[in-house]
Amino acid sequence: MTLREAMSGVRWYLREVAGETAYDRYVEHARREHPGEPVMSRRDFERWRQDDRNANPRARCC
Amino acid sequence: MQRSRARSIAIWTVVAIVGAVAWAVVALVRGEQISAAWLIFAALASYAIAYRFYARFIVRRVLEVDDKRATPAERLDNGIDYQPTDRRVLFGHHFAAIAGAGPLVGPVLAAQMGYLPGTIWIIVGVIFAGAVQDMVILFFSMRRDGKSLGQMARDEIGPVGGVAALLAVFSIMIILLAVLALVVVNALAESPWGTFSLAMTIPIALFMGFYLRVIRPGRVLETTAIGVTLLLLAIIAGGFVQDSGLADAFTLSPEAIAFCLIAYGFVASVLPVWMLLAPRDYLSTFMKIGVIALLAVGIIVTLPVMQNEAVTKFASSGEGPVFAGALFPFVFITIACGALSGFHSLIASGTTPKMIEKESQVRIIGYGAMLTESFVAVMAIIAASIIEPGLYYAMNTPAGVLGDSVQSASQAVNGLGFQITPGELSAAAAAVDEETLVARTGGAPTLAIGMSEIFAGATAESLKAFWYHFAIMFEALFILTTVDAGTRVGRFMLQDTLGNVYKPFARVSWKPGLWLTSALVVGAWGYFLYAGVTNPLGGINQLFPLFGIANQLLAAVALTVATTLLIKAGKLKWAWVTGIPLAWDAAVTLTASYQKVFSDVPTLGFFAQRDRFQEALDNGEVLAPAQSLDDMQAVVTNSTVDGILAALFAVLIIVVIADAARVWVKAIRAREPLPTTETPPEESHLVAPSGLFPTAEERAMLAGANGGAARFGRDGARQPERTGR
């Protein structure tokens, strides 16, 4: 594996873990499952996703 | 094929030999100090063998995972909570959710028994109990569309078991939050450097929240990088604040810090998630992973030598100053996270089962993540054991025993049978720029001293004070994140329960309900926190065993649910896989509760302690370490409350197990397996590797499934593709 591949692997992993790719996934999902319906903008989607956590809290262990 | 088989046998033989030699050195060498490397080797070799053989056996024979069966993530994929997620990414999420301050604090306290008992329990416990629990609960929840532990207890055992499980979850939450907050108080009290740095995390988090909400929505990595930079600056700035006129403003008494935390907990629970909780969570997650990796590198680079004894006299006498009681059962109570932690079953039946791609991946995610946490616990016990024992006891013995000067502390430590001069104590504090290290209980400061020694050894001696406060900061940071998140979860449970009585409560956004339930939850843990801070006998000494008992009680509930499910499915012959850890856990927890309730040794039994102080109080006497009649009254009240809680926990365990035993008998008597509560199987169209690295076979399947055209991920082999659509 070259250094370049390793770096792109790290970047891919960090973006996935941090949830930065959630929007891309959402757009893909929305286009595939609900074609023709409007798709949220990134700003709206991220807001909606954050506010969803207000309603569904996640426990953190000790 | 023949060759790779021979190679595999050769590799595992070598691993087994390395493990056996390392264990022999760790367990048998006496009177000579050993290198921490042996503990690392023993741990890693044991984990490798357990993961390869035992976890695989459970997955294949006991659970009978079936990769032809679609997981809830595949079937119910809604792009939000149900969503097939790469196993390595999900491992990261799951690990970040299960690991926190627990595996760092418990082993530090348990080091009072020596490093050997704790290390054996951390490694053997995780292999046969902790990791099994996490994986099995993850599997059962996954087969039921991600049902929570509480729901499974209700469905599989019955309403009584269900209510008992709910009570267990709520009470552990309260005690956990109180004890963790107490750890923060002890780490920050009278320390302007630490207090300033931690206080700065609030504006930093608010800024990150605003940035992420308004300026750059969704750019988490960039925001976190800014946050971490600001955080490091805050730690450096803390050193200057300590030497400036601002120092007094940040020098707070334990009581003051406790009230700040209580107020903070309430505000954080009421504010929307995006302002404080979400950015804090990113910050603490990345710090956590970073520091754990750093610690591993530090230990491997410096290979420190253990100063602690393998087994101390306190293991058998039960008269240790950090916490009372003998090795059995108290080592197994004190070290919960890292060996067996009931709390994990809440995570394993929360978001993780809804995101798993393939059934066989429960092994890497459930079992693997817990092995990693166990390794963190091993590093913590190393960090606590490379410190001079004299310093360890001067830091971890309650203030009431040590007195308030280095002279009195030195004397008290000599009385325990360890040596440290007043001069050495002052020097140790000066080396990390702290006023004093005497009676800095709770584990965090001790771990920070150990870590600062390791990190300073790997970098420069002059950076010791920076590394100490770095370590304090990172522990306090993720404890506060747990406090935020835990208060919120507790509040939700309360809103949900009260909603059954008065409908509007169930509406999460109903303001009066929100405020009231937040106040109740914060009030509950705040009560125990304040009682712990002001307890003359030492809050950690009194409360930590309760926290351990509560956590192991929850583990008993989880293991009971798992055993019940195995028996109901007609797998009685495999029920020992969760049944033996359950029997052990019940024995440990019930013995500990019994001793805490009925022991007539006042330091050990809460009620014996209560009687002793009540009697003196009636005669108008003041018993050390209490200094006034008010102190005496506080001891009496605390002992009573704590004793009642210990008794309540024991009763809960007995109720859950007895209620489950009824179901077991019914299931065993039935000719056929009882009707299953699993979601009916559907065929899977997803292709994904089950382990960390895809096998040759899996590689071929991946190539065939998607022809190299991935929608996401770096390449075809890294992201599964839907073939059926």
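Residues are numbered from 1 along each chain as its sequence is written, and chains are lettered from A in the order in which they are written. Local features need pLDDT of at least 70 and side-chain atom pairs count only at pLDDT 80 or more, while totals for chains, interfaces and linings use all residues.

The predictor assigns the complex an ipTM of 0.95 and a pTM of 0.95. Confidence in each residue is given as pLDDT, from 0 to 100. Chain B averages a pLDDT of 93, and 97% of its residues score at least 70. Helices are DSSP runs of H or I with at least four residues, numbered from the N terminus. Among the elements of chain B, helix H6 (residues 115–142) has the highest mean pLDDT, at 98. Helix H28 (residues 696–706) of chain B has the lowest, at 83. Over residues 707–725 of chain B the pLDDT is below 50. This stretch still has 41 contacts in the model beyond near neighbours in sequence; two residues are in contact if their C-beta atoms, placed from the backbone, lie within 7 Å. Where pLDDT is low, the predicted coordinates should not be read in detail.

The contact between the chains takes 33 residues from chain A and 44 residues from chain B. On the chain A side, the elements that give two or more residues are helices H1 (3–18), H2 (22–33) and H3 (42–55). H1(A) gives the most, with nine residues. By class, the chain A side divides into 13 nonpolar, seven polar and 13 charged residues. Here Ala, Val, Leu, Ile, Met, Phe, Trp, Tyr, Cys and Pro count as nonpolar, Asp, Glu, Lys and Arg as charged, and the others, Gly among them, as polar.

Within chain B, helix H8 (residues 159–188) packs on helix H22 (residues 464–499) at an angle of about 155°, with the axes 9 Å apart. Axes are lines fitted to C-alpha atoms, for helices over the stretch in contact, and angles run from 0 to 180 degrees between N-to-C directions. H8(B) is therefore roughly antiparallel to H22(B) (an angle over 145 degrees). The crossing of H8(B) past H22(B) is left-handed, that is, the near helix is turned anticlockwise from the far one by less than a right angle. Residues of H8(B) in this contact include B:Phe170, B:Ile174 and B:Leu188. Those of H22(B) include B:Ile472, B:Gly490 and B:Met493. The contact of H8(B) with H22(B) has 18 nonpolar, four polar and one charged residues.

B:Ile174 lies in helix H8 of chain B. B:Ile174 counts as buried because 22 C-beta neighbours lie inside 10 Å (the cut-off is 20 or more). Leaving aside neighbours within four places in sequence, B:Ile174 is in contact with B:Gly490, B:Ala524, B:Trp525 and B:Phe528. The C-alpha atoms of B:Ile174 and B:Gly523 are separated by 9.6 Å, although the two are 349 residues apart along the chain.

Helix H26 (residues 606–618) and helix H27 (residues 629–669) of chain B form another pair. Their axes come within 8 Å and cross at roughly 155°. H26(B) is therefore roughly antiparallel to H27(B). H26(B) passes H27(B) in a left-handed crossing. The contact of H26(B) with H27(B) has 10 nonpolar, six polar and two charged residues.

Note on methods: Angles under 35 degrees count as roughly parallel, over 145 as roughly antiparallel, 65 to 115 as roughly perpendicular and the rest as oblique. A residue is buried if 20 or more other C-beta atoms lie within 10 Å of its own, exposed if 12 or fewer, and partly exposed in between; C-beta atoms are placed from the backbone. pLDDT is the predictor's confidence in each residue, from 0 to 100.
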